[in-house]
Amino acid sequence: INFAVLLLAAPLIASIYHAPVLKDALRVLSIWFLLNGVESMSFGLSMRHQRARLNNYNELASNVIMTLFVIGMASLLRNHWALILGALLQRLLLVVASHFYYRDIGVGFAFDREARRDQFQFACYVMPSSILSILLSQYDKVVLARLFNLTLLGIYSIAANMASQLTAVMMHNARFVLYARCAHYFRSDRTTAAHRYYTENIRLFAVGALPPAIIAGFAPLIVAILYDPRYLQAGRILTVLALGAIIAAFQNASENLRVASGQNRVVLVANIIRRVSLIPAVILGYHFFGFEGFLWSTTAATLPPLLYFYWEQWRSRLLAPLRELAGLGLCTAVFLACFGLSHVLLQIVPPGWLHLGLGHHHAHS
C-alpha cells in the first residue's frame, strides 16, 4: 500500500514543491517499501529475545557498505541518484540478512484470528500516533521555510543534523534494548517490573540522557571548531535542540515502559497533547520573540507529553519520582558545567586556533 501511494502521488508531490526532478526520484524510492515488506521477522524476534546486537551489527555493516557505495556512485553520477540507490541497497542488504537468522521458524502466510485481533488493537493507537509523530518531526522545516530566509534554514539544518544523531542513538537503544527488557519484566512478574526498570537500566538511561546534556553545553564550542564565524548561530540552535533531546530521552524511556505494560493508547494521547500544546506555544513564541521564540517554544512543547507519561506511570504505580528527579538534576548539572567551560574556552582561546578550516578566509569572504 505504501509503495502504491508513493508511486501514484509522486507527480503531485513534485508539483507541490515545484521540483519535477522529485517525480522519478520518489517513484524509484518507493521500491524501498516493497523490499521492506519481504523482510523476515528475525530482527523482531531478536528484540524479543534481547539479542539486539544482531540488529546493531547488521545495521552497522549495511551502513558501512551503503556509505562506500554512495561515495563511489556519487563520484560517477554526480547527482541525487547515488543517495537513492544507496538507500535501496541498504534496505536490500538488511532484508537478505534477516533471512539468515531464526531459520527454523520458516517464512510463509498464516491466518490467526487472535494474533490478527491483537495486532489491530495495537495498530489502532500506534498508526495514528505514528502519523502525528511524522508531522511533528517535520513541521519545523516547513515553518522555517515559510517564515524565515533560506540562510537561516541552512544554519538551522546544520544544528538539526547534529542533534538528530543524538536522538537516533537514543531512540535506537530505547526501541531495541529498553522496550525488550520492559516487555520481559511484565511477562515474567508485573509486581517487580517498576523496580527492575529503574535498577537494571541505569547505564542505558545515562547513555540516552547524558550525551545530549554534554552536547548542549559544548554546542557553541563545537560549532566554533567545525565551522567558520558565519555559522556561529548554529551553536545556540544546537544548545536548544540538545536540551530538547534530554527531555525526549526521559519521555522515550517512560513511553516504552507504558507500551510494554500494555497501555498502547498513551502514545497517541501524548502526541495529541504535544500537538495541542505546540501550536499556541509556537505562535506566541514567534509573535513575541521571532526565531528565538520559535526555537525555545518548540522545545518547551515537549514538556507536556513528558508530564503526561509521568502521570500515567504514577497512576499505575510505576513511577519513582526521586529517581526521575535525580536523573533530571544530573543532566542539568552536566549541562551547566559544560556550558560554563565552553564559554570560558571561547573567551580565552583565539578563534583562529579553534577553527579547523580556513576561518579567516571565509569570514572575509
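Reply: Happy to! Buried means under 20% relative accessible area, exposed means over 50%, and partly exposed covers what lies in between. Please keep in mind that this is a predicted model.

Me: Is Glu312 buried or exposed?
Reply: The relative accessible area of Glu312 is 4%.

Me: Which residue forms a salt bridge with Glu312, and how far apart are the closest N and O atoms?
Reply: A salt bridge needs a side-chain nitrogen of Lys or Arg within 4 Å of a carboxyl oxygen of Asp or Glu. Glu312 meets this with Arg265, at a closest N and O distance of 3.7 Å.

Me: Which helices hold the two partners, and how many residues apart are they?
Reply: That salt bridge was between Glu312 and Arg265. The pair links distant parts of the chain, with Glu312 in helix α13, Arg265 in helix α12, and a separation of 47 residues.

Me: Which residues do salt bridges that share partners join into one network?
Reply: One member is Arg265, which is partly exposed at a relative accessible area of 30%. Through shared partners, the salt bridges make one network of Arg265, Glu312 and Arg315.

Me: How many salt bridges are there by this rule?
Reply: The rule is the 4 Å limit between a Lys or Arg side-chain nitrogen and an Asp or Glu carboxyl oxygen. Among the bridges is that of Glu292 with Arg236, whose closest N and O atoms are 3.8 Å apart. The count comes to 5.

Me: How many residues apart in sequence are the parts that Glu292 and Arg236 tie together?
Reply: Glu292 and Arg236 form a salt bridge. Glu292 belongs to helix α12 (residues 265-300) and Arg236 to helix α11 (residues 233-260), so the parts tied together are separated in sequence by 56 residues.

Me: Which class of accessibility does Glu292 fall into, and which does Arg236?
Reply: Glu292 has 31% relative accessibility, and Arg236 has 47%. The middle class lies between 20% and 50%. Glu292 is therefore partly exposed, and Arg236 is likewise partly exposed.

Me: Which residue does Glu39 meet in a salt bridge, and what is the N to O distance?
Reply: Glu39 is partly exposed, with a relative accessible area of 23%. Its salt-bridge partner is Arg91, at an N to O distance of 2.6 Å. The two lie in distant parts of the chain, 52 residues apart, with Glu39 in the loop between α3 (31-37) and α4 and Arg91 in helix α6. As for burial, Arg91 has a relative accessible area of 13%, so this residue is buried.

Me: Let's turn to Ser42. Which residues does Ser42 touch, not counting residues up to four places away in sequence?
Reply: Ser42 is found in helix α4 (residues 42-48) and is buried, with a relative accessible area of 2%. A polar contact of 3.1 Å joins its side chain to that of Ser40. Beyond four places in sequence, Ser42 touches Ser98, Tyr101 and Tyr102.

Me: What is the phi of Tyr102?
Reply: Tyr102 sits in the loop between α6 (81-98) and α7 (113-147) and is buried at a relative accessible area of 18%. Its phi is positive although the residue is not glycine, with a value near 50°.

Me: And what is the phi of Arg317?
Reply: Arg317 lies in the loop between α13 (303-315) and α14 (321-348). With a relative accessible area of 77%, Arg317 is exposed. Arg317 is not a glycine, yet its phi is positive, at about 60°.

Me: Which residues make the nonpolar surface patch of about 370 Å²?
Reply: One of them is Ile16, found in helix α1 (residues 2-16). Ile16 counts as exposed because its relative accessibility is 55%. The patch is made by Leu12, Ile16 and Tyr17.

Me: Last one: which residues form one aromatic cluster?
Reply: Rings pair if their centres lie within 6.5 Å, and by this rule there are 9 aromatic pairs. One cluster is formed by Tyr197, Tyr198 and Phe205.

Terms used:
Residues are numbered from 1 along each chain as its sequence is written. This is a predicted model: local features need pLDDT of at least 70, side-chain atom pairs count only at pLDDT 80 or more; totals for chains, interfaces and linings use all residues. Side-chain values use heavy atoms; hydrogens and water are left out. Patches are made of residues with over 30% relative accessible area and no salt bridge: like charges are joined within 9 Å, nonpolar side chains (Val, Leu, Ile, Met, Phe, Trp, Tyr) within 5 Å. Accessible areas come from the Shrake-Rupley method with a 1.4 Å probe; for residues, only the protein chains shown count as cover. Helices (H or I, at least four residues) and strands (E, at least two) are DSSP runs, numbered from the N terminus. Buried means under 20% relative accessible area, exposed over 50%, partly exposed in between (1.4 Å probe, protein chains only). Rings of Phe, Tyr and Trp (its six-membered ring) pair if their centres lie within 6.5 Å; planes under 30 degrees apart count as stacked, over 60 as edge-to-face and the rest as tilted. A polar contact is a pair of N or O atoms within 3.5 Å; within protein, one must be able to donate a hydrogen and the other to accept it, and residues adjacent in sequence count only if both atoms are side-chain atoms. Contact means heavy atoms within 4.5 Å.
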